[in-house]
Amino acid sequence: MSEKWSPLIVLVLAGVAAILMGSGAAWLSTSTLIAIYSLLALSVGLTYGQGGILSVAQGAFASIGAYTTGILTTRYGISPFFTLPIAVLLPMIIAFPVARLVSPLSPLVLAIATLMFATIVEILLRSGGDLTGGFLGLSGIPPLFAAQTPVTFNLIAWLAVVVVVFLYTNLMNSAWGRAINTVRHDSVRAVADGTNVARIQSLIFGLGAGIAGLAGWLYAHQLSFISPDLFGIPVSINAILMAVVGGAGVILGPVLGAVTLSLFYEFLPGQEARGMFYGAALILTLVVAPSGLLGFVRRRRPSKRSQSLKSASVLVSEKAFP
Amino acid sequence: MIDFIILGIVVGISYGLLALPLSLLFIATGTVDFALGAYAVVAGLVCFLVGGELGIAAGVLSATLAAGIVGVISRLLDHKRRADHLTLVLASFGFAIFLESLVLSTYGEQPFVRHSFVDYWDIAGVRVSPQAGIDLAAALVVLSATFALLYATPVGRMMRASAINPLGAILTGIPVQWMRALTFVFAGLLAGVAGVLYLYTSGLSYSSGMHLALSGFGAAIIFGLKSPLRAFLGGIAIGLVEALSNGYLPSHVATVVPLIFIFIVLILQGTSRTLSGGRA
Amino acid sequence: MSKGISISSLTVRFGGVTALDNVSLAVQKGEVAGVIGPNGSGKSTLFNAISGIVRPSSGTITIDGLDALAVAPEKLVRLGLARTFQTPRIDPGLPAGDAILCGFQTMARQSIVDAMLHLPRQRQEEARMHEACDSILEKLGLKDVRDVPLGELPMGQVRLVDVGRAMACKPHYLLLDEPAAGLSLPEQRRLASAIRLLAAEGVGVLLVEHNFGLVGELCRNVTVLDRGRTLLKGDVESVRSNPEFLRTYLGSHAA
């Protein structure tokens, strides 16, 4: 049981450290960016790590969140705090029917369908004319409140991560979490448990979209400017990379991945070579440790019970899994 | 209307060129190599830089070698128990990004193209470069070659067996894992050929890879991922959709129509599968 | 409304193979009905058809008067039909206790918001489920391995976990697919008494087994399948002494 609380504890510590260390503006904006990427990676962690659905569209959902708040604040003067629930809910509302459409597809085709969806969203945003600012995007997005400083925004961003991890941890420890994991492993087994597989898949996809929308909302208010390619497909792929490297199946994995990779990027030579790093990192992780950093660590520690079972050499019939 | 159709077919031939290796790979291994578009770009770049006949050979060779890397990765992943179906696909994604960045770092953002024809044909009032004819001829050659390979050779039989029933294939002595790796390499070779042709048709740039792979996959799947012929025809179909929507719809809507078309086809294929499959 | 599972003229075909041919069978509440037959006789297909994983080509299946073929498989579970699998479908990393907890899915009333916010109502429901899970573990003698991942347990215990998972949702009908395979003798005893207890509580059990001893002990009536067809049907004694049955099973009746 105590293991279930450790994600939250570690996260709070990390958040505090980030805030304490950050006095320089450059570090603060990096820290905020890491928080936002953590959310995107968590979105992948939930959808793919727990739900088994590989979606390359999380960036697109973040875009929807960003544009929602961008449009509502600049064109209609609505306060950012009121746009927050909409920025989270609108991606979810769009995600549910999309999930229903794509969940019968095989995993590979599903991933490609999400890729198509993401491209469609990007093109629609680019051609939105006056509403979305076209390919130039929207600027002049107001801060969250008048006295917003990089320090306070950093705090809010990390608070968002903490809240999401809290909800995520609780979800996975409940009957819902068990159903989600069963659906990922074996949908026939899930059906035999009485689970409506399609409903669970839509749910997971929707929640992931909501988290991505939150990330978009934050980014819009930090940068005060958004454009259609801000959360394009490379960002979605980056999010997948962070989740996979950190350990998509472990709750804190994506956050670890986001932190590690973002810190690495800081020391990388140039913009152009980034893709080579992303690609190599993804391939290396998949070949060496497909369950990511945290997944690897977790598998190294066998359960205490099994150790005592092994030492007591009882007459054991064939093992269930060699 | 006829001019858009001609245009659509010309563009469609281009899409079909990459759809061929994509479908071949899927038929023989059940997976997709996302880096196929990137191999085409690499082949095009190498051909561009080297130039001449040697350039063409060098281009195709470089694409084949690049695909060889994914072949190696697939063998490495074969030994991993924790890898799921998507692992190789994700890895190919990673490789595609790697290659894209490699091209960007070495050559830059500029597109690269070569034109070997100055005169144009006039087909029903449309200016068509003779290059299109070469593309079509090449596509037909590749098509017949892949058909021959898959359906008339023992190697092809083994490939198809490995895809339909991997376990059964292993039990009958087919080296399934090697077949798979080799198929990746062969698909890479075909992508290299496509890349060289693209260089001479409409040119390429560092970012073309992903778009090509996506359209190629879309083309391959429209009529069902069942045969290279269908994939090629799928390419033509997408070309037609694109040309017609460019002709009759405002430009910003036109770019999105082919994608929506592919998306809808994917969904419909998925739903029809569940309906015919019954309750389960 | 007639009670019980009633299967009538069930035929299931896959491509060119007829896995089940005109099979009829009934299970009443509180009864343990047996189905035996060699491998390939269609026992698992029968289960798959009842639980909705496979669609029959012809025939009817009714559960308490309800047409089972018109109901989605997960809905059938919610209506009170539970099953185990011949090869347990499991996640090797999942501890035994958590696996059984998964069986309480149909009884969970917590909304997703309750779960995410860990509200008291959800906490209480989880506590109740854990308690009920512990009692099932106790009943099946699995208390000691509650926290052991399934991948590290011997097959016999994995099978027992599967049975526990099916029992969790308090089903009206339970389909057990060769639950005793690989079980040690004390484990078989425990399984037998659990089944007897369930039947006494009014659960209708359909038991598919290779192990004729267990079938003989628990069932009054048994159906013998052979290559998809019903070979024999009747009470255990008459089947056991039937010459055709002995011929089919010559040399292969399991201890």
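This is a predicted model: local features need pLDDT of at least 70, side-chain atom pairs count only at pLDDT 80 or more; totals for chains, interfaces and linings use all residues.
Residues are numbered from 1 along each chain as its sequence is written, and chains are lettered from A and ligands numbered from 1 in the order in which they are written.

For chain A the mean pLDDT is 83, with 87% of its residues at 70 or more. Over residues 303-322 of chain A, however, pLDDT stays under 50, and for this stretch the model has 29 contacts beyond four places in sequence; two residues are in contact if their C-beta atoms, placed from the backbone, lie within 7 Å.

Elsewhere in chain A, helix 3 (residues 58-76) and helix 4 (residues 80-102) pack with their axes 8 Å apart and at an angle of about 140°, the axes being lines fitted to C-alpha atoms, for helices over the stretch in contact, and angles running from 0 to 180 degrees between N-to-C directions. The residues that meet include A:F61, A:I64 and A:L72 from helix 3 of chain A and A:I86, A:L90 and A:I94 from helix 4 of chain A. By class, this contact of helix 3 with helix 4 of chain A has 11 nonpolar, 5 polar and no charged residues, with Ala, Val, Leu, Ile, Met, Phe, Trp, Tyr, Cys and Pro counted as nonpolar, Asp, Glu, Lys and Arg as charged, and the others, Gly among them, as polar.

Chain A also touches chain C, in a contact that takes 30 residues from chain A and 41 residues from chain C. On the side of chain C, the elements that give two or more residues include helix 5 (120-139) and helix 6 (155-168), and the residues of that side divide into 21 nonpolar, 11 polar and 9 charged.

Chain C holds an open sheet of 6 strands in the order 6-7-8-3-9-10, with mixed pairing; two strands pair if DSSP finds at least two bridges between them. Its edge strands, strand 6 (81-83) and strand 10 (229-235) of chain C, each pair on one side only. Neighbouring strands of this sheet are turned by 15° against each other on average, direction ignored. Helix 1 (residues 43-51) of chain C packs on the sheet, and its direction makes about 150° with that of strand 7 (173-177) of chain C.

| Strand pair in chain C | Bridges | Direction |
|---|---|---|
| Strand 3 and strand 8 | 5 bridges | parallel |
| Strand 3 and strand 9 | 3 bridges | parallel |
| Strand 9 and strand 10 | 6 bridges | antiparallel |

C:V222 in turn stands opposite C:G234 in strand 10 of chain C. Strand 9 and strand 10 of chain C form a hairpin with 2 residues between them, and C:R227 in the turn has a positive phi of about 50°.

Chain B has 11 helices and 2 strands, and its C-alpha trace spans about 60 × 50 × 35 Å along its principal axes.

Terms used:
Helices (H or I, at least four residues) and strands (E, at least two) are DSSP runs, numbered from the N terminus. pLDDT is the predictor's confidence in each residue, from 0 to 100.
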